[in-house]
Amino acid sequence: MSTPTVRRGPRLGWNLVGLLVFVVVGFPVYWMLNTAFKPAKDAIDPDPSLLPTGLTLSNFQRALDIGDFWGSVGRSLIVSLSVVVIGMVIGLLAALAISRFAFRGRRIVIVGILAVQMVPLVAMIIPVFLLLNDLGQYDKLTGLIITYLTFILPFTVWTMRGFIVNIPKELEEAAMVDGCSRTGAFVRVVFPLLAPGLVATSVYAFIQAWNEYIYALMLLSQEHQTATVWLANFTTKHGTEYAPMMAGSTMMAVPIVVLFLLVQRKMAAGLTAGAVKG
């Protein structure tokens, strides 16, 4: 009779820890929504209320009236989707080569991928600026896409390598014995098994490109600004409009939320597949 009680104790403890983590992680999101829908004067109240004191949509209208919101969001979508598509194609091929083929310098490439991810992005702003200026890509979305690929590609290659390594080579060899070429074996056998990993990696790459601020601020003029830079319009010499800023942040979060809702099952499968081998 005591066994269920013993087991229930640790489970209850872990449930409480999980609930605490959820509250800590979810509170900033709740506060963003709370501030977005409350009157602007309440957003700067020195004694704010945890519960909504009044609901209004005026902050969203104010956010839409500041700058070029739809243009900024459109440019962010173009940059993020381009980075994801190009990064996944190149990253998948590179990860496949590293995972399935033995070549001289393979370990150096793997270590290099890890080393590149350790370099702070801020440290590369000046070299990137000078390079894009020489190439005629300064203040262009194509230049920003190229820049984002420099730090998203290593992440993509390393993550996809983990998924590919977890797929047994014997599956490809069996398909090749049955008459498939190496490419045919990859397309018919390996690629379908990689679908969850592709989705998980694509979502994280999209989030990195969508949320990036420093390079978008330094490499683009106000005319070509992305959504994250657009949020800076709420901070002026007269102060910061917190309620409209939170309304803008809420609208910016909508594409990410929609994306997660569309691919949540694949995301869960991809995260549990994980990079745990090789």
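**Cavity and rings**

Analyst: In this predicted model, the largest cavity has a lining made up of Ser76, Val79, Ser80, Leu144, Tyr148, Ala209, Trp210, Glu212, Ala216, Thr226 and Thr228. Two or more of the lining residues come from each of helix H4 (69-100), helix H7 (141-165) and helix H9 (182-211). H4 gives the largest share, 3 residues.

User: What is the make-up of the lining of the largest cavity by class?

Analyst: The lining has 6 nonpolar, 4 polar and 1 charged residues.

User: Why is the pair of Trp230 and Phe234 called edge-to-face?

Analyst: The structure holds 11 aromatic pairs. For Trp230 and Phe234, the ring centres are 5.2 Å apart and the planes stand at 85°, so the pair is edge-to-face. The cut-offs are centres within 6.5 Å for a pair and planes over 60 degrees apart for edge-to-face. Both residues, Trp230 and Phe234, are buried. Ring pairs also link Trp230 and Phe234 with Phe69 and Trp70 into a cluster.

User: Which ring does the charged end of Lys38 sit over?

Analyst: The charged end of Lys38 sits over the ring of Trp31, 4.9 Å from the ring centre. The distance cut-off is within 6 Å.

User: Where does the charged end of Arg161 sit?

Analyst: The charged end of Arg161 sits over the ring of Trp158, 5.2 Å from the centre of that ring.

Note on methods. Residues are numbered from 1 along each chain as its sequence is written. This is a predicted model: local features need pLDDT of at least 70, side-chain atom pairs count only at pLDDT 80 or more; totals for chains, interfaces and linings use all residues. Side-chain values use heavy atoms; hydrogens and water are left out. On a 1 Å grid over the protein atoms alone, a cavity is a set of points where a 1.4 Å probe fits but cannot get out, and a pocket is an open set with protein on both sides within 12 Å along at least five of seven lines; lining residues have an atom within 4 Å of a point. Helices (H or I, at least four residues) and strands (E, at least two) are DSSP runs, numbered from the N terminus. Ala, Val, Leu, Ile, Met, Phe, Trp, Tyr, Cys and Pro count as nonpolar, Asp, Glu, Lys and Arg as charged, and the others, Gly among them, as polar. Rings of Phe, Tyr and Trp (its six-membered ring) pair if their centres lie within 6.5 Å; planes under 30 degrees apart count as stacked, over 60 as edge-to-face and the rest as tilted. Buried means under 20% relative accessible area, exposed over 50%, partly exposed in between (1.4 Å probe, protein chains only). A charge sits over a ring if NZ of Lys or CZ of Arg is within 6 Å of the ring centre and within 35 degrees of the ring normal.
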